[in-house]
Each structure stands twice: as structure tokens, then as C-alpha cells.
Amino acid sequence: MPLPERHPHARAESAFVQTFRNLTGVPSYHYDAVFGRIVHEQFASAKPAVVALELPASFRPALEWAAGCWPTPVAAFERGLRSAMGMVMPFVPGDSIFEAFRLASQAGIEVALIDVDVSVPGEQRPPPTLAIASEFAARPGDDFFKAADALNRREPPLVSDLVREAAMATALAALMAQHVSVLWVGGFAHWARIVERLPGYLVGTLG
């Protein structure tokens, strides 16, 4: 099966850094220092006007607390409202989202948390059938992104994924209209579908 064609406005600068108009993305594997390093390199080469992260706004206090604990790895725990179960959120030095938050905060750059909490009863994510280890991302060229993107497209997204990506695309379109440059950092699986949504949201907002 051939790889889907990339949108003509989306161009790849490397296996790590993707661009769409005035939006730069670092699609990442979560908790993997390979991608945290790329965030540091991106800040060193071109600081953005605003940073958008794949986290809901409710996570800001936990992010600020975890950043104050850096470089110690910590986790925040939120107890469930209707059961004894809860959610554990790790904050690990080297994670791309965590590093983007820290670097932006230190530089006085606005951080927008643009994800939303979505719960679909009975929804379960099946284990991936194939994946590419992040160490292959260190190879030059765009082959890593193309291969990982193709494998990701084999797995149908959940309803919650599509709702979250629509919300993130809407927020990114607004940020792109307000700022000269936007940096998005989030999970690899979301990037391509977010970019595919953006042209429709940007009509009339950008030249």
C-alpha cells in the first residue's frame, strides 16, 4: 500500500521537526529522551512565539510542580471520582512535552495546553501490531518519519482521538492566526491527522 501523500503545505525539515505554514511540530514518542533532545535543539535554533502542548489545561498546576522538582522524575496522582482507581501522570526529564514546558517557562514564552479530556464508555486501545524503535530516528533524512507515519495509519484512531485532534487543530489554528510562530509538541500519532484538519480551520485567518 503506498504512503499517503503529504499535504503540499506540510514540509519536513528532518525526521523530527515538521512544519506547516507558521506551525512547527515535534511529533514524539512519549517519555523518550531522543525527542526531548530535539525540543532542546529546536529552542536553541529558533525560539517560538508560543508553545502548544498535547495536555489539557487542568494539567498546568502539576506541570509547574513537576518543573520545580526537575531533574528528579516525579508523578502526579489524581484519584478517580467514582472509584478507588485514579490516574498517574509521570513527569520524566527528557520527555518532549515536559522539556518544552520547562524551556518555554524559563524563556518567558506563553504555553498553551490545548488537549481536552475525553471519555468514551467502553473504548479501549488495542496494542499496536508494529512499531519502530526511537533509536532509528537518529538516522538522517525523512525515512523514520515516513515509516512511523505509515505504521501509525495502519491503526484506526479511536473516537476520543478524533475528538481531541479536532480540539487541538481548532486551538492551533487560533494560535497560528495570533502569533508569528507556533511550536506544537505532542504524541507522534496525532500530528498527521491534526495537519490534515488545519486547512479547513485556517480559511480566512491566514494568507
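Mentor: What follows starts with the pocket, then turns to salt bridges, strands and a few backbone details.

This is a predicted model, in which local features need pLDDT of at least 70 and side-chain atom pairs count only at pLDDT 80 or more, while totals for chains, interfaces and linings use all residues. Residues are numbered from 1 along each chain as its sequence is written, and side-chain values use heavy atoms, with hydrogens and water left out.

The largest pocket holds about 1400 Å³ of space. A pocket here is an open set of points on a 1 Å grid over the protein atoms alone, where a 1.4 Å probe fits and protein lies on both sides within 12 Å along at least five of seven lines; lining residues have an atom within 4 Å of a point. Grid points are joined across faces, edges and corners, and the volume is the space filled by probe spheres set on the points.

The lining has 47 residues, and His30, Arg125, Asp161, Arg164 and His190 lie nearest the centre. By class, 29 are nonpolar, eight polar and 10 charged. In this scheme Ala, Val, Leu, Ile, Met, Phe, Trp, Tyr, Cys and Pro count as nonpolar, Asp, Glu, Lys and Arg as charged, and the others, Gly among them, as polar. Strand E6 (86–91) gives the largest share of the lining, five residues. Among the elements that supply at least two residues each are strand E4, helix H3 (96–107), helix H4 (143–154), helix H5 (159–178) and helix H6 (188–202). Helices (H or I, at least four residues) and strands (E, at least two) are DSSP runs, numbered from the N terminus.

As for charge pairing, the structure holds nine salt bridges, each a side-chain nitrogen of Lys or Arg within 4 Å of a carboxyl oxygen of Asp or Glu. Arg164 forms one with Glu54, at 2.7 Å from N to O. This pair links helix H5 to strand E4 across 110 residues of chain. Arg164 is buried at 14% relative accessible area, and Glu54 is buried at 7%; buried means under 20%, exposed over 50% and partly exposed in between (1.4 Å probe, protein chains only).

Arg193 and Glu165 are buried. In helix H4, Arg153 and Asp149 pair at 3.1 Å, N to O; they are four residues apart, which means about one helical turn. Arg153 is partly exposed at 33%, whereas Asp149 is buried at 10%.

Strand E4 (residues 50–56) pairs with strand E8 in the parallel sense over four bridges, where pairing requires that DSSP finds at least two bridges between the strands. Leu53 has Val185 of E8 as its bridge partner. E8 (residues 182–187) has six of its six residues buried, and E8 also pairs in parallel with E3 over six bridges.

Two backbone details remain. A cis peptide bond with omega of about 10° joins Trp70 and Pro71. Tyr31 has a positive phi near 60° and sits in the loop between E3 and helix H1 (33–45).
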